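User: Hi! I'd like to walk through a protein model with you, one question at a time. Could you take a look at it with me?

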Amino acid sequence: MQLRRSARRPQPTAYGIPMHDKVCLVTGANRGIGRAIAEGLAAAGANVVLVCRDLQAAQEAAARIRRRTRNEKVHVMLADLASGGSIRRLAAAYTERFGRVDVLVHNAGVVPRRRQVSDDGIELQLAVNHLAPFLLTALLRECLGASAPARVVTVSSDAHRVARLDFDDLQAERRYGRWSRYASTKLMNVLFTYELARRLEGTGVTANCLHPGVIRTGLARDLTPLPRSLAWLLSLGYGRPARGAATAIHLAVSPKVEGITGQYFVRRAPRRSSARSYDRDAQQRLWEVSARLIAAG
C-alpha cells in the first residue's frame, strides 16, 4: 500500500507540523515510552506503525491508541529486533506496504540481568539497543530519502555519560554488568546518531537522539536489585511515560527542529552529550564494526 500526499494541505496541529499525510514507525511501541510516543504521533494525525514482538500486546496497544486519539491509522507490524533476519523481513514488508517513512523512532531496548546471546550470536543488549537501530535505518534509508524532509529519532539516555566503550570487548564476553552494559549501548546510540547525521548531510533527512528522563517503565523498575515490591514503590518517584515521550515527539513533529541534525536533546532542548560521544574516530569505528556485525548476522 503506497501512501501518497494529499492534494489538500492539512492545517498545523497543536503538536507542530501537519502530520496527517506522514507515516511514523516506532519500535518497542506496545508499552511505556514507546506507546506514549506512538500515541502522541497518532494524536497529531499521523499514520503510526507500532513495531513489537508480541502480537497480543501490540494489538492491545494499537486499540488503546486508536481509542484515546480517535485516529484509526494505527498499524501493527511484528519483528524480533534481536534478529537480523526478522529486521530485514520487517523492512521489506514495511517498504512494500507503506512506501515511505517520514519519522523513524528507535525506542526499543532490553536490559537482561545476565549476559544473553541472540540467535545471530550477538550479545543481546548490543543486538537490540544498538544494532537493531543501525540495521533498520540502513534498510529504510532509501525510504527516508524519498520521504525527505524526514527524521530519525533515537531514544538514548544520560546513562551514556558514565560509559566507556571497549572495542576489544564489544560483545561483553569478558565482563558483563547489566547497567554498565546498558550505559555502553546508550553511548553507542549517541555515537551512531552523530555519525549518521554526517552521512545523511544533504539528503533532507535529519538524525537526533535524546534522554527521556528517569521514567516509570519496566526498565526503570529494574534499576536496583531490590525486591520487586520495593523497587516498584521507588519507581513512583519517576516520571510517567508521557513525560518521557515528550522530547521524542518534539523531535518528530516540531517545526522548531526542522533541519537540525546531529544533536542530543534533553527536555526538548539541545544539550552537550558526554565528551566521549564526540570522538569522531570512535563514531566511525563503531559504524564500521556494526556494519561487519550485521553483514555476518
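This is a predicted model: local features need pLDDT of at least 70, side-chain atom pairs count only at pLDDT 80 or more; totals for chains, interfaces and linings use all residues.

User: What percentage of the residues is buried?
Analyst: The protein has 297 residues. A residue counts as buried when its relative accessible area is under 20%. By that criterion, the buried share is 55%.

User: Which strands stand at the edges of the open sheet?
Analyst: The sheet has eight strands with mixed pairing, in the order β3-β2-β1-β4-β5-β6-β7-β8. Two of these strands have a single partner strand each, so one side of each is left without a neighbour in the sheet. Those edge strands are β3 (74-78) and β8 (269-271).

User: Which residue of β8 does F265 stand opposite?
Analyst: Let's look at the pairing of β7 with β8. Strand β7 covers residues 263-266, and three bridges join it to β8, the two running antiparallel. In β8, the residue opposite F265 is P270.

User: Which helix packs on the sheet and touches β1, β2 and β3?
Analyst: The strands touched are β1 (23-27), β2 (47-52) and β3. The helix direction makes about 150° with that of β3. The helix, spanning residues 84-98, is α3.

User: Now for the charged side chains: E39 forms a salt bridge, but with which residue?
Analyst: A search of the whole structure finds seven salt bridges. In the one with E39, the closest N and O atoms are 2.9 Å apart. It links distant parts of the chain, 29 residues apart, with E39 in helix α1 (residues 32-43) and its partner in helix α2 (residues 55-69). E39 is buried at a relative accessible area of 16%, and its partner is R68.

User: Are the two ends of the salt bridge between R161 and D158 buried or partly exposed?
Analyst: The side chains of R161 and D158 meet at 3.1 Å, N to O. The relative accessible area of R161 is 33%, while that of D158 is 26%. Since buried means under 20%, with exposed over 50%, R161 counts as partly exposed, and D158 likewise is partly exposed.

User: Which residues are linked with E195 in a network of salt bridges?
Analyst: E195 and R198 lie three residues apart in helix α6 (residues 178-199), about one turn of the helix. Their side chains meet at 2.5 Å, N to O. E195 is buried at 6% relative accessibility, whereas R198 is partly exposed at 25%. The network links E195 with R198 and R199.

User: Last one: the side chain of T137 has a polar atom 2.7 Å from the backbone oxygen of which residue?
Analyst: T137 is found in helix α4 (residues 124-139) and is buried, at 4% relative accessibility. Beyond its neighbours within four places in sequence, T137 is in contact with L104, H106, L144, V152, F192 and L196. The backbone oxygen 2.7 Å from the polar side-chain atom belongs to P133.

Note on methods. Residues are numbered from 1 along each chain as its sequence is written. Side-chain values use heavy atoms; hydrogens and water are left out. Two strands pair if DSSP finds at least two bridges between them. Helices (H or I, at least four residues) and strands (E, at least two) are DSSP runs, numbered from the N terminus. Contact means heavy atoms within 4.5 Å. Axes are lines fitted to C-alpha atoms, for helices over the stretch in contact, and angles run from 0 to 180 degrees between N-to-C directions. A salt bridge is a side-chain nitrogen of Lys or Arg within 4 Å of a carboxyl oxygen of Asp or Glu. Buried means under 20% relative accessible area, exposed over 50%, partly exposed in between (1.4 Å probe, protein chains only). A polar contact is a pair of N or O atoms within 3.5 Å; within protein, one must be able to donate a hydrogen and the other to accept it, and residues adjacent in sequence count only if both atoms are side-chain atoms.
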